[in-house]
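Dear colleague,

Please find the structure below, handed over for your files. A short account of the findings follows it.

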2 protein chains.
Amino acid sequence: MYAGLDERGAQVLRHVVENYIETAEPVGSRTISKKMGQNLSPATIRNIMADLEDMGYLAQPHTSAGRVPTGTGFRYYVDYLLELRKLARPERDQLQKMAGDAAFSSEELLRQVSRLVSTLSGQACVVVLTRLSSQPLRSLSLVPAGSGRILLVAVTQAGWVEHRLIEGEGGLSGDEMQKINNYLGELASGISLQQLRVKILHEMKREKARYDRLMRRALQMGARALEEGSPTEVYVEGRANILEQPEFAEDVQKLKRILRAFEEKSVIVRLLDRALEDGAIQVSIGSENPVEGLPDISVVASGYRQGDSRVGSIGLIGPVRMDYSRVIPLVEYSAKLISSVLGHR
Amino acid sequence: MYAGLDERGAQVLRHVVENYIETAEPVGSRTISKKMGQNLSPATIRNIMADLEDMGYLAQPHTSAGRVPTGTGFRYYVDYLLELRKLARPERDQLQKMAGDAAFSSEELLRQVSRLVSTLSGQACVVVLTRLSSQPLRSLSLVPAGSGRILLVAVTQAGWVEHRLIEGEGGLSGDEMQKINNYLGELASGISLQQLRVKILHEMKREKARYDRLMRRALQMGARALEEGSPTEVYVEGRANILEQPEFAEDVQKLKRILRAFEEKSVIVRLLDRALEDGAIQVSIGSENPVEGLPDISVVASGYRQGDSRVGSIGLIGPVRMDYSRVIPLVEYSAKLISSVLGHR
DNA sequence: AATTAGCACTCAAAAGCTTCGAGTGCTAAG
DNA sequence: CTTAGCACTCGAAGCTTTTGAGTGCTAATT
């Protein structure tokens, strides 16, 4: 259990971390002594704290101040000391109520969950949705879009819709369109856009000299539409919560860096990447997070599934001093919720 | 020309405003005297400034400080004194280059323009796109979306794509779908979604006892899909630029209010509403803007057209102390640019 | 041997004080 | 009407003092 620490040291560390999470101020020995029920005098606590500091779990901002947990300290806390609180009833109810609202499209659902989770946690909440193009399709259709254009509409089995405009085509009768549709739809059924792309290219080679002008054209169009990969969808809600954190409100420089980061989709995606790969909830504390230059933020994230493929992740972004015991269950539950709602679609 | 002010007063006001825009500091009489080429001594300038203060154009943060323009001062400046600088060549080139890139979808174009304009201006840039549902359609199609669902895809003549999922339908053969498509497409051609809705309801009444089950169903579906109005699209870029403004970096309270406002689509839409209605560029200074509770920001916005209907607007949101002479031409040009690019689609 | 009372010490933050200087308004002379 | 001159104002910046939370160490206690 308490790897590398004895019971007492671990308890002191726990109290320091929890107190610091609550107050955002350095924690002194008196406070801990009181919290632990006067069994140990402040002097004793001081000795223990000094030890913890030697071991790298605590640090002093300056000589005459209390202690603050280091990154390592938080890590230890999360790994060994954390008692996950159960997700409070009202919060669970709110989430479930929202999830039950079938009126939301899948996209809208993600945005709403993100928004609610950000409010509940008081942090910024991010939901990413990736690899649309790797999901199996439910249907693929061409739609006339007037003056030399055709719209390719793909609906995945999970209910995501994606469309791409194809330039410089058109001049197809409704009948021809219908034929192409049937042909492409057959080709696409059950496979992903990525796979479809490969399949189409293959098909084009095989039937190079194919007599049917229409089908050849269909293949060409398909290939063209699938050229670039589909973009990753990112929903960020509750950015402004970052301002509520005292550690950032003071230091405008940090604030700037963080808010700038939020403007770059790619940075956000990188922050949540780990959670996508792995099933379990991921906690990146401070400089552990995958983005250089943001050593002051923690990320608590979890992937969610659609059926049995991981298609995205939901995460909270906030200061290292996050209330992990509350926030981890929240993110875990939300990820499961999303998975289950998407599963039914 | 100089309504209510003599030439000299107007020039002094102009210099105060311009200096203040540049430095964000109260402006003193010495500075103005130098700027105006020593024709007038600081003492004279002081007299003039005192007059301007009486008239409400200037204010003193405290007795021994220089003057700061009031909202009214800025208003006068914008209305009578502003010399619009021509949009700098390189900026125009950048914008035009981007607009020429046909690879962007219309949505992507708006986002990219917003991003570039925010960089060029150093302010937050917002592009809103409304009333999709009032644009004439180019095509309307139903697409199978599997397990009891059908996707309605509408493409407007401007090239915007909108889709809505219809629940609890399906079980239609490709052939039936095709028939419905033809019917609805015919019904929809050239009119807007809004109008279509009315038309459909009308049609439903007229043909209440219509023998054709399929067509009746088509009408029902159409009516259902069009129930809620289409959402307004909002692209915000360069939020973090707000932090660059000294007036906000200091006052965290203001900062919070502004960034919170950015999280509410509806607030942003309200800020740019005026520009949508009116063709000309709109400048809302400080408390002139339509949102209560944000008296410290100015909005410079202009609507853009698609063909001959106004479909959206682009605007900058920043401190009252904006460089209007640079920023107004930028917004004007961008709006025209968007109009012209959309016009060609 | 572990704990703790006691005490000297440290140091940031807050409060108080002084200085500085940009800028003003007013007056009287040009 | 303009302007030189001057007394005056007041925030910002710098300095000093006070305060108090917190420490580390030592010696007494359990």
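In what order do the strands of the open sheet of three strands in chain A lie, and is their pairing parallel or antiparallel? The order is S4-S5-S6, and the pairing is antiparallel. Strand S4 (137–144) and strand S6 (161–166) of chain A are at the edges with a single partner strand each, so one side of each has no neighbour in the sheet. On average, neighbouring strands here are turned by 15° against each other, direction ignored.

Please note that this is a predicted model, in which local features need pLDDT of at least 70 and side-chain atom pairs count only at pLDDT 80 or more, while totals for chains, interfaces and linings use all residues. Residues are numbered from 1 along each chain as its sequence is written, chains are lettered from A and ligands numbered from 1 in the order in which they are written, and side-chain values use heavy atoms, with hydrogens and water left out.

Helices (H or I, at least four residues) and strands (E, at least two) are DSSP runs numbered from the N terminus, and two strands pair if DSSP finds at least two bridges between them. S4(A) pairs with strand S5 (residues 150–156) of chain A in the antiparallel sense over seven bridges. Within S5(A), Val155(A) is the bridge partner of Ser139(A). Helix H9 (residues 213–225) of chain A packs on the sheet and touches S4, S5 and S6 of chain A, contact meaning heavy atoms within 4.5 Å. The direction of H9 makes about 115° with that of S6(A); axes are lines fitted to C-alpha atoms, for helices over the stretch in contact, and angles run from 0 to 180 degrees between N-to-C directions.

Turning to the DNA, 20 residues surround DNA strand C, the closest being Arg8(A), Thr44(A), Ser64(A), Ser29(B) and Arg67(B). Sugar and phosphate make up 78% of the atoms of DNA strand C that come within 4 Å of the protein; a residue is near the strand if one of its heavy atoms lies within 4 Å of it. Helix H3 (residues 42–54) of chain A gives the largest share of the surface near DNA strand C, with four residues. A phosphate oxygen of DNA strand C lies 2.8 Å from an N or O atom in the side chain of Arg67(B), and another distance, 3.0 Å, separates a backbone N or O atom of Ser41(A) from a phosphate oxygen of DNA strand C.

Lastly, the C-alpha trace of chain A spans about 90 × 35 × 35 Å along its principal axes.

With kind regards

Notes:
Polar contact = N/O pair within 3.5 Å; in protein donor to acceptor, adjacent residues only side chain to side chain.
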